[in-house]
Amino acid sequence: MLLQQQKETRGRERTMEAKPEEKAEFEEAEIEYVSYGGEHHLPLIMNLVDQELSEPYSIFTYRYFVYLWPQLSFLQAFHKGKCVGTVVCKMGEHRNTFRGYIAMLVVIKPYRGRGIATELVTRSIRMMMESGCEEVTLEAEVTNKGALALYGRLGFIRAKRLFHYYLNGVDAFRLKLLFPPPRQVL
Amino acid sequence: MADKPVYEEASIDGQPPKLASIPASDTTVWADASPLLQAACAGLRDGELIHGDNFNLFAAMSALEIMDPKMDSGIVCTYYSIDEAIENGAAPIPISLDSTIDVRCTIDIMDHLLACEAAWHKGHSLAQTVFSCIYLLRLDRTAPHALLHSYCRIIRATCKAVVSVVSDARTHEEEDLFTMTYGLPLNGDGDDKCLSILNAVEETISRQLRACKATSSKRRLPEDLEPLQSNPNLEEGFCKALLCRLRFRKHFFHVLSCMKRPQGRGLESARKHIASCLTELESILKSADFLRSCFDESCEGDIDDKTTASGFEPIGFDAMLNSRLSAPTPPRAIKILSWKKAVEYFVKLLHDLDVICSYSLDPRLESLLRFVVQFQKSQPDLVARSHLQLLLVQDGKLYGRDPFFAVINKAAALPEATKNHDIQKNESFLQLGMLVMNLLKILCTNAAWQRRKLGKFLQDWRVIYVQLELAFRNEYGEVSSSSNDENTCMKIFQHILLWVEEQTYWIAFRFLILGFELELYSTGEYCMVYWYLYAVLIKLTEKTHLMMAVSHDTAKRKGKKKKDSPKDLARESRIPPAVLFLQCYICLAEGLTMMLAALRNEIPVFHSPSPFNTEHEKFVQHFELLQRACIPDHVSYPSYKESTTHARFSTLAMYNYFKDAQRIAKEVKSSFSNDPERLAELRKLEQVAEHNSVAQNVICRLGALDPSLKVSFEFSHHPFFATVVVKRS
């Protein structure tokens with residue numbers, strides 16, 4: 001069952017952070033970070049993910065996240081009212097560990113390379129840490145150098161390599177961030 | 001069938017069921033649920049969802065939205081059934097009424113099937129690759145077309161043979177798409193005759209080839225024989241193109257059957273067929289020029305991307321026909337390998353199989369482990385790895401021949417008396433045999449899976465060690481209190497314990513270095529990784545050295561009981577080359593650790609703290625499995641910190657470990673003059689050591705003074721010992 005579940009979700013959890021191509025002109029301070037504010041945000045997030053990630057997500061997947069972790073799951077970056085990035089996360093018990101999971105991370109191309117993804121992820125991780133998570137995990141394509149560097153800077157290690165994880169035959173890394181035991185957190 | 005409550009709800013408005021056209025049994029009551037659904041919808045607010053208690057991510061991700069082209073494979077089908085495809089002429093027989101075109105199309109089908117087969121071996125489902133061929137899906141239909149029929153039959157039999165090898169070996173945990181065959185007509189009657197059918201067709205075409213050669217040289221036709229097709233100018237080329245394709249299939253099928261024979265008895269014959277396969281593949285490649293030139297029409301696009309030698313699209317394939325059988329994932333279009341890449345794949349596969357077939361079936365575990373590790377270096381694919389595994393472990397014995405207890409006996413240099421000793425019935429001893437068997441199986445899996453398995457496996461080796469030690473203590477009390485060296489049982493235990501430790505450290509070593517191959521370590525983590533590698537290597541070397549001394553001792557006892565000659569004593573006092581080899585590793589690991597530590601302590605770039613955790617957490621994560629199994633004992637994060645915290649450029653200058661490594665590598669080479677594989681490894685070690693020695697001098701001299709100095713690490717000389725590159729920016 002577990003194996004099947006892995007297979008079922010594989011190829012759908014992708015994080016993208018990439019080389020700047022067509023760049024947008026903006027100041028970092030103009031970016032506004034907003035938590036999920038209700039139904040009106042859902043189409044924005046769905047469009048963003050649909051545009052940028054190759055794998056399809058049914059409405060149920062979004063509902064699943066928003067229903068269980070409304071504050072955590074959809075964090076968005078807005079620039080002058082336009083939604084330019086989002087991160088989708090969850091938390092839960094996994095083999096006796098309370099673990100956070102980053103399911104999707106998207107920043108649209110013109111806005112990449114300016115720290116928006118880092119900010120989105122950092123905010124999510126902080127929220128997971130405050131909620132009592134012991135670790136955070138995610139999968140990233142081994143070829144996605146941008147994402148690997150981003151998560152590396154945040155303290156993630158490459159815990160495993162998952163052979164042919166994506167349906168295009170590319171391997172994935174399972175990335176993990178272990179928090180220090182609570183007593184050490186000042 | 002509707003549930004009763006629904007029926008009651010739905011019939012509130014008194015409308016009769018309207019779905020009479022759907023066949024129903026006597027007990028079926030059909031009801032229109034639309035009013036109920038409408039009522040439910042009206043009661044739901046925006047964003048609400050009806051779900052069961054078990055609604056989870058799996059359920060959510062499994063849902064498909066109908067009519068969404070990314071999710072609903074149904075809407076992108078050309079045909080909804082095989083019959084529909086056939087009725088629409090998607091796979092005609094004959095393929096063309098023009099016999100020349102018919103032959104060309106048959107060759108295209110053969111080529112595309114080869115590309116499909118390679119794509120299958122490389123990880124796609126059988127349903128979406130080989131069985132996208134409509135002719136294969138209805139093989140009996142092809143009977144009137146002898147050529148196509150014989151080829152399809154041997155393809156089906158080959159696929160079946162390959163599936164059986166891979167399923168038996170069970171090395172495919174992460175590659176489980178491979179053996180999924182449900183819904184596919186893989187089991188046809190009469191496939192045992194596939195070779196005789198193929199031989200008959202081959203014979204006919206050989207005669208046709210002879211006949212056309214005879215005609216061209218104006219000799220008389222030797223017999224009354226219909227030519228293959230109607231264009232005499234193309235006859236020879238087509239016959240040749242077909243013959244190499246048919247012969248390749250024949251020999252490949254023989255390779256698979258020979259390799260399956262018990263106890264490696266068919267390996268020698270397999271090698272002959274492998275050689276024939278490679279020859280035929282060469283001819284197949286050569287036939288491409290003819291196939292491309294024999295028709296005036298040329299195909300569009302880059303020929304290197306095509307799945308056929310001619311460059312034409314093959315007839316009779318539809319990948320979406322059984323896409324619903326492909327996997328528990330939503331089906332989607334896959335890319336079949338190009339014909340060129342497919343041929344390359346088969347060349348590599350055959351070379352890998354040849355390596356297996358040329359192995360001497362050495363009963364010594366140490367050389368066997370080295371062979372498997374060396375074999376894995378060429379990154380063989382699943383099919384080759386499965387064959388190796390089946391050869392190594394058959395019927396719970398090594399090569400189906402040597403019981404694992406006997407293998408351990410030899411490896412651990414147990415006394416002669418062990419063979420008949422009751423001790424082999426001891427539970428822990430039996431388990432140890434299982435562990436060795438599992439080790440061999442794990443070593444045949446892909447590197448990613450292998451590393452994960454080895455990491456968990458260490459715990460089992462640790463447990464067996466503790467159990468054996470406990471059994472030993474129960475029987476003999478403390479080791480030191482016993483003075484009876486001649487006691488066989490005690491000797492067995494001592495040897496076994498030592499040997500188990502040696503194997504455990506060897507596994508730990510392999511676990512750590514596989515991390516480099518899989519790119520699991522980032523530069524910032526190299527320091528701790530080399531430090532840990534160093535700690536493991538120290539123990540491995542120590543145990544190996546002791547084990548060698550012990551085996552030497554046993555071997556001597558087995559031989560003539562003459563007094564030790566001074567020459568023997570001198571030889572014993574020398575460090576064995578295998579140990580020196582490991583010492584070279586130690587020097588490199590230590591040298592890299594200290595250099596990385598100094599860089600981290602002196603140059604801020606090498607010490608970039610992360611916002612959420614520290615180096616300690618990374619250490620815990622990377623070495624958790626080793627730490628849990630106490631490998632090695634007393635090794636911890638504080639001990640790592642302690643040994644690296646004081647490293648500075650100034651301390652680095654005091655000792656150059658790389659020079660030691662270089663010296664040892666140079667010296668020990670002469671001892672391995674008959675071992676090309678270890679000789680090559682020593683050369684690589686020597687190169688890394690030489691480069692790093694120079695780099696260390698530069699860093700020590702300039703590191704503190706020149707802030708523009710850029711230090712990076714490359715694996716250009718050795719797969720896991722980094723070459724240090726120093727540049728001025």
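## Domains 2 and 3 of chain B

In this predicted model, 19 residues of domain 2 of chain B are in contact with 22 residues of domain 3 of chain B. On the domain 2 side, helices α7 (146–169) and α11 (339–357) of chain B each supply at least two of the residues that touch domain 3. Helix α7(B) gives the most to that side, with 5 residues. By residue type, the side of domain 2 that touches domain 3 divides into 8 nonpolar, 5 polar and 6 charged residues.

The centres of the two domains, taken over C-alpha atoms, are separated by 40 Å. Chain B as a whole is divided into domain 1 (1–45), domain 2 (82–188 + 245–352), domain 3 (365–520) and domain 4 (547–558 + 567–729).

## Chain B as a whole

The secondary structure of chain B comes to 25 helices and 5 strands. Of the 729 residues in chain B, 39% are buried. Among contacts in chain B with a separation of 6 or more, 75% are between residues 24 or more positions apart.

## Helix α20 of chain B

Of the 26 residues in α20(B), 20 are buried. The helix is therefore largely enclosed by the rest of the structure.

## A three-stranded sheet in chain B

Chain B contains an open sheet of 3 strands in the order β1-β2-β3, with antiparallel pairing. Strands β1 (393–394) and β3 (402–403) of chain B stand at the edges and have a single partner strand each, so one side of each is left without a neighbour in the sheet. Strands of a sheet pair through backbone hydrogen bonds, either parallel or antiparallel.

Strand β2 (residues 397–398) of chain B pairs with β3(B) over 2 bridges. In one of the pairings, K397(B) has P403(B) in β3(B) as its bridge partner. Y399(B) lies in the loop between β2 and β3 of chain B. Y399(B) has a positive phi of about 55°, although it is not a glycine.

## Other backbone features of chain B

Most residues other than glycine have a negative phi, and most peptide bonds are trans. L361(B), which is not a glycine, has a positive phi of about 55°. L361(B) is placed in the loop between α11 and α12 (365–377) of chain B. Are L361(B) and Y399(B) buried or partly exposed? L361(B) has 15 other C-beta atoms within 10 Å and is partly exposed. Y399(B) has 19 such atoms within 10 Å and is also partly exposed, because a residue counts as buried if 20 or more other C-beta atoms lie within 10 Å of its own.

Two cis peptide bonds can be described here. A cis bond joins I93(B) and P94(B), with omega about -10°, and P94(B) lies in the loop between α4 (82–87) and α5 (99–121) of chain B. Another cis bond joins I631(B) and P632(B), with omega about -20°. P632(B) is in the loop between α21 and α22 (637–644) of chain B.

## Where chain B meets chain A

Between the chains, 38 residues of chain B are in contact with 38 residues of chain A. Helices α3 (57–62), α16 (447–476) and α21 (615–628) of chain B each supply at least two residues of the side that touches chain A. The residues on this side of chain B divide into 16 nonpolar, 11 polar and 11 charged.

## Strands and confidence in chain A

In chain A, strand β1 (residues 31–35) is joined to strand β2 (residues 75–79) by 5 bridges, and the two run antiparallel. The bridge partner of I31(A) in β2(A) is H79(A). Strand β2(A) is also joined by 5 bridges to strand β3 (residues 82–94) of chain A, again antiparallel. F78(A) stands opposite C83(A) in β3(A). The hairpin of β2(A) and β3(A) has 2 residues between the strands, and in this hairpin K80(A) takes a positive phi near 50°.

The mean pLDDT of chain A is 83, and 84% of its residues reach 70 or more. Over residues 1–20 of chain A the pLDDT is below 50, while this stretch has 48 contacts in the model beyond near neighbours in sequence. Where pLDDT is low, the predicted coordinates should not be read in detail.

Definitions and conventions
Residues are numbered from 1 along each chain as its sequence is written. Chains are lettered from A and ligands numbered from 1 in the order in which they are written. This is a predicted model: local features need pLDDT of at least 70, side-chain atom pairs count only at pLDDT 80 or more; totals for chains, interfaces and linings use all residues. A residue is buried if 20 or more other C-beta atoms lie within 10 Å of its own, exposed if 12 or fewer, and partly exposed in between; C-beta atoms are placed from the backbone. Helices (H or I, at least four residues) and strands (E, at least two) are DSSP runs, numbered from the N terminus. Two strands pair if DSSP finds at least two bridges between them. Two residues are in contact if their C-beta atoms, placed from the backbone, lie within 7 Å. Ala, Val, Leu, Ile, Met, Phe, Trp, Tyr, Cys and Pro count as nonpolar, Asp, Glu, Lys and Arg as charged, and the others, Gly among them, as polar. Domain bounds come from an automatic or database domain assignment. pLDDT is the predictor's confidence in each residue, from 0 to 100.
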